[in-house]
Amino acid sequence: MAYADELGGLMALAAAGPDGEPVPDVLALERAGSAAPWTLITLHAVAYAPSLRAAAAELTIHHSTLQDRLVQAEQLLGWNVRTPQGRLRLQLAFVLRRLRRHPPSGG
């Protein structure tokens, strides 16, 4: 569960979209997650690990396997997750997905 006071500026971002309208990047993330069982966990590791090698280690896969997975995932998402901008976009998609699934409470 996410608490509103812990989200800072992300609350403004989450509240900025029209109520009930899905965010395109969140929809892309959901579609990618439906395509292969490894997609969401792989993308999450890439979004939050300090490097691609660290993400591969976290996933206990070879870094070349991670590279192959990312080629597929990027095609499904429609953007490059290996650039700083793409990684931020991926992180925001994960945050917005979590907020959509578990709206913050005032606690």
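**Packing and salt bridges**

The buried residues of helix 4 are covered by helix 3 (24-35), helix 5 (52-59), helix 6 (63-77) and helix 7 (84-101), among others. Helices here are DSSP runs of H or I, at least four residues, numbered from the N terminus. This is a predicted model, where local features need pLDDT of at least 70 and side-chain atom pairs pLDDT 80 or more, while totals for chains, interfaces and linings use all residues. Residues are numbered from 1 along each chain as its sequence is written, and side-chain values use heavy atoms, with hydrogens and water left out.

Me: Which residues of helix 4 are buried?
Reply: Buried means under 20% relative accessible area, exposed over 50%, and partly exposed in between (1.4 Å probe, protein chains only). Helix 4 spans residues 39-48, and its buried ones are T39, T42, L43, A45, V46 and A47.

Me: How many residues apart in sequence are the parts that D25 and R89 tie together?
Reply: D25 and R89 form a salt bridge, with the closest N and O atoms 2.8 Å apart (a side-chain nitrogen of Lys or Arg within 4 Å of a carboxyl oxygen of Asp or Glu). D25 is in helix 3 and R89 in helix 7, so the parts they tie together are separated in sequence by 64 residues.

Me: Is E74, the salt-bridge partner of R82, buried or exposed?
Reply: R82 and E74 meet through their side chains at 2.7 Å, N to O. R82 is partly exposed at 33% relative accessibility. E74 has 12%, so it counts as buried.

Notes. Helix = DSSP H or I, 4+ residues; strand = E, 2+ residues; numbered from the N terminus. Contact = heavy atoms within 4.5 Å.
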